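Please open the model in your viewer and keep the selection tool at hand. The stops below go from one selection to the next, with a short account of what is found at each.

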Amino acid sequence: MGLLQFLKSQFLCHLIMCYVFLVSGLIVNLIQICTLPLWLVSKQLARKINIRLAYCIASQMVAALEWWSGTECTLYTDPKSYPLYGKENAVVILNHSFEIDFLCGWTFCERFGVLGSSKVLAKKELAYVPVIGWMWYFLEIVFCKRKWEEDRTTVAQSLQKLRDYPENYWKFLLYCEGTRFTPKKHQFSMQVAESKGLPKLKYHLLPRTKGFYVTVQNLRGTAAAIYDSTLNFRNNEVPTLLGILNGKKYHADLYVRRIPLESVPEDEAECAAWLHKLYQEKDGFQEQYAQTGRFPGPIVSPPRRPWSLINWLFWSCVVLYPLGLLIAQLLSSGAVLTIAAAVVVCSAVSMGMRWMIGQTEIDKSSNYGIKATALNNN
Ligand SMILES: CC/C=C\C/C=C\C/C=C\C/C=C\C/C=C\C/C=C\CCC(=O)SCCNC(=O)CCNC(=O)[C@H](O)C(C)(C)COP(=O)(O)OP(=O)(O)OC[C@H]1O[C@@H](n2cnc3c(N)ncnc32)[C@H](O)[C@@H]1OP(=O)(O)O
Ligand SMILES: CCCCCCCCCCCCCCCCCC(=O)OC[C@@H](O)COP(=O)(O)O
């Protein structure tokens, strides 16, 4: 292990990174709150400001992936579609099997210049996660309770609000599987597939079709295409956020097919059948990857950009300088009680950060999709 790799695996480094992320994130959240009155005066200006603010937070995690861990992200796609990425609104469909799949998605958004404005259909629980969840509120992220009776109106309303979004180039991410892949959830969802007379999938859970139908219906005329995205990692790597913090380098491969939105049927049953067929095709791509280590088509990878690193360094300087002064003052004061209080605060913060990282861990995944009735969410 080299010296740099040794440093990257040190808890103190992780603590400093988490501190920078948390404090800068809370500062950004505070500025976001300050933009609230602006929404009444100029909604579009408030949205544009919040896109930049969201970039300040999300790009720190992208920088950790790209610059700290050095993870390689390779894109397989049709060179004819490539120039359109980042220049049109699109609905992204992604498999949900990896703890950092959202981060790989963010990385590609960053490389195509749409990180701040990217959107997702997220479970409601994530809205309460400090920094990221609070930032999402100001980004008008669409939340669902994974209870269709409640979601059918709220999701449609939230999507309608996005129709006049000022930044034209955003991506709306939809994990149609609705939850992370686990062998147990796979077993349950294949029972549902069997009961519906649908072919079994090997690498995916059976997709939920209602959210997809509502999304397509409400974004017709706004989004130009579906980006069918299939993600996997080389050499059976099992990537984690803690691995990224430890500076572990992963190798992500993403296969993206651009499908014009008009080709998705308007009728609900046909739309559902279309999505099931899409997932059968995605399963085929994963099988090919398992056999050959490659997705179909040529590699057209966008390079990483320096902006996420520059943003990270900027925020590090902003929040580490006062921390340095504070620590120096504390130590020179020699006040045992104050030092003890500082240690308690540090421990509480690191426990809080560990809880946030836990949100990404599949071991701590919800029970959603385990009951065939899908009524038990958590
Ligand atoms: C070029 C670059 C390209 C790409 C770059 C890639 C990506 C980047 C893009 C953007 C990045 C932006 C942001 C990313 C950042 C962070 C993201 C982080 C996390 C968020 C992720 C989540 O939170 S995922 C969880 C929430 N999302 C979803 O659930 C979406 C999918 N779900 C739905 O659509 C659902 O339909 C619903 C939520 C709308 C409603 O759910 P509900 O359960 O109430 O109803 P359903 O209709 O789904 O369920 C009943 C029907 O399902 C059948 N059933 C029952 N049990 C099962 C089972 N185990 N499996 C499958 N199906 C089951 C049941 O029989 C019912 O069937 P019907 O026939 O009656 O419909
Ligand atoms: C600069 C780097 C510093 C790093 C500090 C680490 C900060 C930690 C931040 C935590 C961010 C939390 C983002 C939430 C994204 C989680 C995505 C996800 O995968 O959600 C799960 C749901 O889809 C499905 O839920 P389940 O039903 O599987 O349950």
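**Helix packing around α2**

Begin by selecting α2 together with α12, which pack at an angle of about 100° with their axes 9 Å apart. Helices here (H or I, at least four residues) and strands (E, at least two) are DSSP runs numbered from the N terminus, while axes are lines fitted to C-alpha atoms, for helices over the stretch in contact, and angles run from 0 to 180 degrees between N-to-C directions. This is a predicted model, in which local features need pLDDT of at least 70 and side-chain atom pairs count only at pLDDT 80 or more, whereas totals for chains, interfaces and linings use all residues. Residues are numbered from 1 along each chain as its sequence is written, and chains are lettered from A and ligands numbered from 1 in the order in which they are written.

The two helices are therefore roughly perpendicular to each other, since angles of 65 to 115 degrees count as roughly perpendicular, under 35 as roughly parallel, over 145 as roughly antiparallel and the rest as oblique. Y19, V20, V23 and S24 in α2 meet W315, S316, V318, V319, L320 and L323 in α12, contact being defined by C-beta atoms, placed from the backbone, that lie within 7 Å. The residues of this contact divide into 8 nonpolar, 2 polar and no charged, where Ala, Val, Leu, Ile, Met, Phe, Trp, Tyr, Cys and Pro count as nonpolar, Asp, Glu, Lys and Arg as charged, and the others, Gly among them, as polar.

Next select ligand 2, which is surrounded by 21 residues, the closest being F21, T179, R180, S365 and S366; a residue is near a molecule if its C-beta atom, placed from the backbone, lies within 6 Å of it. The helices α2, α4 (43–68) and α13 each supply at least two residues of this shell, which holds 13 nonpolar, 6 polar and 2 charged residues.

Just after α5, G113 takes a positive phi of about 75°.

Finally, select α11, whose buried residues are L275, Y279, K282, F285, Q286 and Y289, and whose cover includes α9, β6 and β7 (251–260). This helix is followed by G293, with a positive phi near 75°.

In the loop between α11 (268–292) and α12 (307–333), pick P296, which counts as partly exposed with 15 C-beta neighbours inside 10 Å. P296 touches Y255, F285 and Q288, not counting residues up to four places away in sequence, and the C-alpha atoms of P296 and F285, 11 residues apart along the chain, are separated by 7.4 Å.

Key: A residue is buried if 20 or more other C-beta atoms lie within 10 Å of its own, exposed if 12 or fewer, and partly exposed in between; C-beta atoms are placed from the backbone. Two residues are in contact if their C-beta atoms, placed from the backbone, lie within 7 Å.
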